[in-house]
Every structure is written in C-alpha cells, then in structure tokens.
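Q: I am new to this structure. Please take a close look at its aromatic rings: which of them pair up, and where do they sit?

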Amino acid sequence: MRPENYEAQRQPPSHEYELNIGPNHPGIEGNYAFKLRLHGDRVLEGKADAGYLHRGFEKLMEGRLWIQNLAITPRICVPDPVPMEVSYCLAVEELCGLEIPERAQWLRVLQLELSRIAAHLFTFGGHAATTGMYSPMFWGIADRDLVLDLFEELTGGRVYHIYNIPGGVRRDAPDGFLDRVRSTLDYLDSRLPDYDNLLFTNQVFVHRAKGVGTMSREQALEWGVTGPNLRATGLEFDVRRDDPYLVYDDLDFDIPTEEAGDAWARTLVRRKELVQSIRIARQVIAALPSIAGPIRCPIPNPLAWNVPAGSVYTRVESSKGELAWYVVSNGGERPYRTHVRGPSQMHAVQVLEKLSVGCRLEDVAQTMFSLDACPPEVDR
Amino acid sequence: MRDIDYKDKGGILNPLKSLSFFGRSSVTVPLEPRAASANYRGFHLNDWEACIGCSTCQKVCDNAAITMVSIPDLPQDPAKGIRNLRPAIDYGRCCWCALCVDLCPTGSISLSREYVHTCLDSELDSYFVLPDSNGIHGTPYPKGWAKSEDADLVALERARMEELPPPERIGNFNEIVAGYDANQAIIEASRCVQCGMCFDACPTHMNAPEYIRAIWKGDLEQAVREIYRTNPFAHTCGRVCTHRCEDACSVGHRGTPIAIRWLKRYAMDAVDHERVKRIAAEGKARFLSGKRVAVVGAGPAGLTAAFDLIKQGYEVTVFEARPKAGGMVRYGIPDYRLPQDRIDRDVDVIASLGVKIRYGTQVGTDITMAELERDYDAVILTIGLWMGRSTRIPGSDHPRVKRAVTLLRDVAEKVKVSVPASAIVIGGGNVAMDVARTIARLQKQTYGQVKVTVTALEDLEHFLADPEEIKEAREEGVEILPARGPQEILFKPRKYEVDKIHGLRTWRVLSIFDAQGRFAPRHDEADEQIHEGEMVVEAIGQAAEVEVLGEELTERLDWNRGRLEIDDQGRTNLSWLWAAGDMVRGPDVVSAVADGHRVALSINGVLSIREDAA
Amino acid sequence: MIEGAVSSYEKIKSKTSLREILEVACSFEASARDFYTDLIPKVGKNMRWLVEELAAEEQQHFDLLNGLASREDIAEQIKAEVRIPTTDTRFSDAVQLPDLGAKPDDQAVLQYAMGREQIAMEHYRSLAEGTEPGPIHDLFGYLADEETKHKTELEKVYYEVVHSGGV
C-alpha cells in the first residue's frame, strides 16, 4: 500500500479516557448520568445525560383531571416538594380567578419554609459527603426527619404531602401543631452551632469547597442560574421579595448573598438562608393563631371542573432556585399543557457541564451538589 | 439564635468538638413501626354499612387503583341508592392521595394510621385489598385521614330554585317555580358524580347521568336527546315527577340531592320546540309495518306507548274522551305545578310524529271496545283512575259534596265552578293538597280570602302528601288538621231550597293501622270537632272506570281482585288487549311512562312476528 | 237497617238454651251467605271476586257453627241456661250501612259486609259478657274474636279497594 493511501485509524489519545458518573453513583444527587472525558485527573469535557428519572409527568398531567394532578405535583421534586404543589395551585387559582383565604396563605408559607429547611438540611449532608465527610449527612437526615414529622402531622404524608389544593389547603393545622413547630425550630436553632463546628468552620471542608465551580455573576445570569446559586455570585434576587406571592410581602426576612460564586459561597448562602427560613417560620406561627377563617375557598365538584381557558406562568422561590409552572388550559377538565420550569434543569445540565471543564475529578461531585441540582426536577 | 463569623475563623480543632456526640445516644429507629400522626394517610378502611357502592372513589382515583367488586350478600336497594359494590384497592397503584376520602359522598372510606405491609413473593396478591372496617391485616388501627368538614370536596348544597312567595302566588295559578337560568343549571349539573343511582331508581330508567353531563357541557340538544331516549313526557316529569332519582342520589346521602328534576325542566325549556320535535323523531322507522294499534286514553302511559309504536312504524290512533290530551296530568294537576302549555308541548311532539288523537271520543259510548277489537291489531287500555271515591258518610250525597278529581277536572277545563267561601277537604294525599290549594286560589280570586280546612286520617308524620306540598299549602293559608276521621256532614236546613252544608263532624283518630299493619281505624269519640264549610271535597281515593269496557268484555277478561289481570308484559288474557298506567300500577306519572314503554315493547314483539312464521 | 238483625237479636235474647243460640247464629251466617251468593251474577266480573270470597267466608262460619251445635262433648252444656245480655249499640267507626240498591259497587258491598261483621262481633261479645265463665263463655268469646278477625280483614280489603285505587 502506498503511503499516500494509508489512512490511520483515528484513536483517542492515550492520555485521555472516558468516565461515566452515574446514573447510580453516590456522587450524583438522584439518578443522573454525567459522562466525563478526563486527562489524568482533570476534566476536559463533561456531558450531562439526563432522562433516567423521566416519569413523563407533564404528559401524564394532560390526561388527568385538574384535581387528580395534585398527586403528581409533589413527586416532581422529591427533596423540596411543597413549592411544586403550591406553584401548580397558584397557576390554577389564577386561571380560575380563585381567591385564597388568608389562613390558607399563611399555612402555605409555613409549608414552603419548612420544606426549604428540610431541603437545605438534606443538601448540607450531600455536599459534605462529596468531600468525604459523612457525619453531616447523618445529622442532616436525622434533623430533617423532625421536619418531616411536622409535615406528617399537618398533611398526613411525610414527603408527598398532596396537601395544597387550588383554593387553599386541604386541612387545617391540628391543635398544638404550632407548638410542635416552635419546639422543632428551637431544636434546629440549637443544632446550628454543631453544624458550624463540624462543617462550616471545618478548615478541611472550607479548603475543599473554595474555588470549586466558580462562576461570575455575568456567567450566572447568562446561563439562567437562579436561587442560592445566583445569590452566591453577589446578585440579591429572590422571588419572594422581588415578585412576592402569598403573604411574603408581610414578612421580615433578609436575602443573604456571597461574592465568590464558588461552592463554598453557595453553601454559605444556604446556611444563612436556613436561619432566615427559621425566622420566617417563627413569624408565621406567631401570626397564625389570630388568623381565623376557612382554609379553602369553594371549588366546583372536582369531577366536573372546567378551568377557564388561558395560560399562566407562576413562579415561586424553591430551595433550588426560581421554580415556575407554565399551565395552559383550553377550558376543559384537563390541562392542555403543563410545563415545569425547574431551576435544576439549568444547573444540572448546562451549568454543570460548563463548570466541570478544568475541574479535578474529585471535585465534580462536589460541584453538582453545591449547585443543589435535583435530577427529578430536571427530568420530570 | 446567634450568628457566626464564617471568615475562616475557628481552628482545625473545631470539628473535634463533635466527638462529644460519642457520649450521646444515637438517633435510632425502633423496630416496631412508630405510631402515625392523627391525619396520616395509610391503608384504607371502609365502613361497609355506610358505603353505598356509588363508585365515586373509583372515578376520582388518579391511578386507577380502585376496582368496584360486587359482594353478593350485601343489601342492594335501588330506591334508596344502595349497591352491593365495594371498592377494592391495588396498592401497587395507589398513591395514598386521599382524594377518594374527600370525594366520598357518604364518608364511608377513610385512610387509617397503618402503614406497614410486607410479604413474600408468593404472597404478592396481598397487595390487592378489599378494605373493610377491620383494616388490611385485621388489626384495629385508628382512622387517619377521614372525612372532615374542611376536607370535604363533595358539593353538598343545591343551587337555589327561585319560587314565588306565598303572597304572590295565592291569587293566581301561575307556575310557582321559576326554573334555573343557564348559570345555575351548569353549577347544579356540575355537582353530579355520575354514579348512576338515579338511573337505577327511576321506574323508566331515565339516562339522567347522561343528560346532566350534557347540561354541564352546555350541549342542551344532547340533553334533550338523552331525555327522549326514555321519556317523551319530560316537560311534565320535569315539574311534577315523584323524583325517585333524587331519593336515590348518592350526594343526597349527606347533602341535598342533585336537582335532577329541575335540570330536566331546564333542558326541555331551553331548547326550541321545533328542535325538540326533530330530536324526538330521530330513529323513526321509515317504513310502515301495516299494523294498527289503538290506545284508549291519551295520558302519559297511552301516549308513551303511542310514541314508541309510531316510531317503530305502526299506525297509532288514540281515543281520548276529553277535549285535550294529557289525562290526569292535565285534568288533575293544577296549573301552578304544571302549566297546561307545557303539556301541550309534550303532546305536540308525540302528535307531530303521526299519532292520531281523536278527542271527545269516549270509548263505551262513542265507540265500543268491540269495534276496536275488530278494527285494530292491538288495543292498549290506559284509562287511568278517573273515578273519585267517596267516604259515603251520611250526607255525602249532597250536590255540594264533590269528588276532588271531578272538581280539579272542571277547573282544568275552565268550567265555571261555584267557589265556596269556605271549604273542607277530606283526605291527606297529594290530590287533597292539589284540590285544597286550587280552592284556596279560587277563593282568593273571588272573595279575597282563603278558608280551606283539610282533614286527614293520618297524623303528620305519616301524611301521604309530599312535605313540600304540605308546607306550601300552609303558607297559602290552608288549615291542615291531621288525625281526624270524618263521621257525618251536617246541614243547615232551609225552607225552600236544598239544605246548605254547614260543615263536617269528625272524631279524633287514635290509630289507623293495627299491629299487623292492616287498615283498622280507631277513634276517640270524646274528641269531636265540627269544621265549618259550605262545600266538602273528598280526596280519599280513586278507581278505574272499568264500566267503559262493557259487560260482555268484562266477562271475557280475567280479573285479579278487582283489577285487570295482566302478565309482566302488561298483556291481558285476551291476546289483542294490553293495559298500562295508573289503572294497573297505581297513580304515578313516571311509572305510567315506564309502563307505556313496557306494553309498546310487548306489542312490537308480538306484532312484528311475520305472518308466514306465525 | 240490616235485614233481620234486630229481630234476630230479640230472638237470641229470648232464647234460653245454648243450642238454640247456635241455631240462630247459624241462620245468620246462612242468610248472609245467601245474600252474597245472590249478588254473584248481578255484579260485574271485576267485582265478582269480592262477593264470592264473602260468600265463601260466610259458608265457613256456617259450617263452624253447625259443627259446634252437633258436637258430643258439649251436648250437656248446650242445654244450659243463658242469661239475657244487655244491648250495646255502638256502631263501627266511620262506616255506615248503606242501602245497597240494584247494582251495588265494591265499596257498598264492603261497607255492608263490615257493618255486618261488626254487629255479629258485638252480639257475641255481649253474649260472652253475659255468661258465667266456662265453655259457653269461651265459645262466645271465640266467636266474637272470629268476627273481629273477619272485620279487620275486610277493613284491609276496603283500604286496598277504596283508598289505593285498587292497585
């Protein structure tokens, strides 16, 4: 064969290799695949492979009555289910022109903040585990369990609450519930120093987390980053304050920010948000006893309920970022289309891919966890 | 709570403070399942006594986890809306959302506080459960999420029907109910859970769930179409039916039943009459069978049979003694309950299909049964119960002692009636209420005031009239005296004229039925009252005017204790003669409609047998 | 007025032996039976069941009383004396005794029948009260109860026929 006709078979260079992280991997939050191309210990390129948690919820919702979809909504984001429920209900309420009674609004805020607390406790543990420290994870899950106890008492379910309904909530708070919320919040407050000692002032963790997955504010805005991830780059934006819903404009709370935009900054923002959430929850339980009234406005028979035609985009601040629902009704008894704008969809796909370039292998998992990207929300 | 300075403060030793946790007891999960919260959504419980098998839980379940299973030993009672079905849950599908609990009309299904179930692979069937009050494992766990007032999603309250208040209705015969407007009808129709108990309970099995759904969708022509599948007397039934459907309605177990009757009224009024005629004519046979059927009596039973038969290609002639059709519906039910122009519409739809109605033709006098036997292939007797009974107490043969049915007929025919300034009505059923309220209106129009006294054997708890009738009658100024037994009519003697009625003497009734439930009235003769009135109207019972059949036919027919002997198809022992309606089933409009269908089906079955096969 | 009622009662009053009382009672039943039997061809077929049943009932009463009169074991007692009872003329509630006329209808026949049963019941009840406790007293009591039963059965039929439209 003549040299000019010889075509070499193209092979990858010997110092590059491919590595699959996930879909079943302790370094992945949920079921999610991330394909890496590495050069030694450095990532050259990461490719997100979503879809392992695709349950087809958005399409399923088109085939079910409006009321039946309540059972689907909390399942879309498992760690932080309440904003899903509330946002769907807000969307339907806006389409129908329903006015939520005041007591229901306060109960919704209480749920949202408790859910945020539970989600953050979950995330601390996850982030710490990616750096090899497992105790905060056990602590986080155990403390989160107490919040789940509160949800069990209020809603009848620990994770899938199915408690919010267009028009309000399904049940009133049981007697003595607010006292138990208060004692749980007191307990969580008392635990914060322990977490700080173990995790947030732990120099090993601080050094591991600093400088990992850094993004600038411009990059964050360009990539559609929201929530604590955006606030960690210095931009003070929170849907609760900037596009208030329910009774948030009656409540007192700060919006913590950090400047660095790296994993450490993001974790810090969440740590400070936990404190703010506890503060909001305390205000709610102080206000609730004096707010009387129904917990639901009247709705038609759910089996014969046509929601007026229209489309609406309602957003709330979940623990992961700006969560929104886009609901389209054609005037029938089933949604024409529902679409979830899940914050994790940006974070887990494009942001993670971009941030992983140049990252060390051992920091990839930490990057994903520090972004608090929740695959159930990505895939739906 | 204290804030913390995160700026890298604290030394490398800070985490070691957590070593103190070795000294604390760890968080453990006990081996026994811990008690769930009071509102917990665990495995199902179902109170089989309260459950009516309506299947609403099955309909609302978003995962199709519920299947209704028929349990043979359980009671079923279509009239009360009770089925022997019970829900079975597939826990592989159930997501414990508790929508079934919130939408259960009776509140029988609930979720318990039990949440643990494990089994071997060979026991996978244990995930399919037929919940009862004992729970999935037969161990008593308390209820968790159960029906409560704030979590109840059943639409318990009915849309209010506007009605004329007593002062506005007493001086006229205008229809009392105003009817629903479009909004009210849609809201009322939306309450329906589509269980079909109404269908089961209706004597003629009207497709009520379907027409209610059509009204909710705004498709009123479809509603009329569904109505005409079973009932060509819908303007009438939509106003005066005895609504067995509403008595069986599953929402009615805890709330007010769906206003199935008013919704029928709404749909029939909302569609243009010409459109109704065309809808009713759908499915009419395009051929003539060549057979001729005669119907005696143009009431609901007769005209329903005529409607069915004309659509199947028979030539139908109806013989009606009165000048207009409708039977007892026109000549017994006053206008304030059922305006005559609505009856005209029902009749017009049937007549427009080609049914010939010969008015003013009394069978027995103007035409004989023998002629009908000769000239027609089948004859249906639907002569109703037009003879009013009398108590035959002393004085009851006076000309101003009237039978209620006769008086009502005269008022309906706009015959001049001599209105008494005061009247007494004997009887406690709906006919008594009708005639009392009719007289009350005539008195108001003639004298400006009402003086009617109703005496009945029954005490108030057992009055045969509908509670609404009693209430409305009282509002109109009718005095109702229960537990009075009529003894004698008293007269004021006058010299040159017929004695004038002074009033009625009654004794108090102690009991009507004996221990075995047989009619055996006992009176307290010491408690005697005299009720004053110029006219006495008896509304104590009715009978069929079977003399029109003539002696010869009466001998040929089989009788069963005074009524015509018919088989379950409505056919007499004579192969050409059927009977239907009030005369064989008792007074009720919708039962008469059902009966009309029954005999039409039978006649079609008999007459459509081809001659060469006969 | 019911035919023969007053004079028959006088007959009973004047009787002194039980056998004679039973004979008169028999003739009561026989006369009623004949009355009903007479009506059978006169009424329409739709009503005939009623008079046929009534005639059959009266025949049964007749057979019963006849049988009693010829029983051996009470032969002694029926020769005994019977005190003359007083009359109690309370009439049936709300039901009067009409003149039946040429073509009686079902209501008229029933009213007549019930009135007749009432009178018979009262007769026997009075006789029972007027006798010493013993088999004769029991006999009258039994006959009174029988008539009461018949009357309540007829009242049930009356309710069906008159108040329920016959269905």
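A: The rule for ring pairs gives a count of 19 aromatic pairs over all chains. The model is predicted.

Start in chain B. B:Phe173 and B:Tyr336 form one aromatic pair. Their centres are 6.3 Å apart, and 35 degrees separate the planes. That makes the pair tilted. B:Phe173 lies in the loop between α3 (166-169) and α4 (182-190) of chain B. B:Tyr336 lies in the loop between α13 (328-331) and α14 (340-352) of chain B. The two parts are 163 residues apart in sequence, so the pair ties them together. Both B:Phe173 and B:Tyr336 are buried.

Now chain C. The ring centres of C:Phe35 and C:Tyr112 lie 4.8 Å apart. Their planes stand at 50 degrees, so this pair is tilted. C:Phe35 belongs to helix α2 (residues 18-39) of chain C. C:Tyr112 belongs to helix α4 (residues 106-129) of chain C. The pair therefore ties together parts that are 77 residues apart in sequence. C:Phe35 is partly exposed, at 28% relative accessibility. C:Tyr112 is buried, at 7% relative accessibility.

Rings also gather in a cluster. Ring pairs link A:Phe124, A:Trp139, A:Tyr195, A:Phe200 and B:Phe21. The members come from chain A and chain B.

The charged end of A:Arg271 sits over the ring of A:Phe200, 5.8 Å from the ring centre.

One last point concerns the cysteines. A search of the whole structure finds zero disulfides over all chains. B:Cys192 is in no disulfide. Its nearest cysteine sulfur belongs to B:Cys198, 6.3 Å away. A disulfide needs the two sulfur atoms within 2.5 Å. B:Cys192 counts as buried, at 9% relative accessibility. For B:Cys237, the closest cysteine sulfur is in B:Cys241. The distance is 4.8 Å, which is too far for a bond. B:Cys237 is buried as well, with a relative accessible area of 1%.

To return to the rings: B:Phe173 with B:Tyr336 is a tilted pair between loops of chain B.

Technical notes:
Residues numbered from 1 in each chain as written. Chains lettered and ligands numbered in written order. Predicted model: local features only at pLDDT ≥ 70, side-chain atom pairs only at ≥ 80, totals over all residues. Heavy atoms only, no water. Buried < 20%, exposed > 50% of the residue type's maximum accessible area, 1.4 Å probe, protein only. Phe/Tyr/Trp six-rings, centres within 6.5 Å; stacked < 30°, edge-to-face > 60°. Helix = DSSP H or I, 4+ residues; strand = E, 2+ residues; numbered from the N terminus. Lys NZ or Arg CZ within 6 Å of the ring centre and 35° of its normal.
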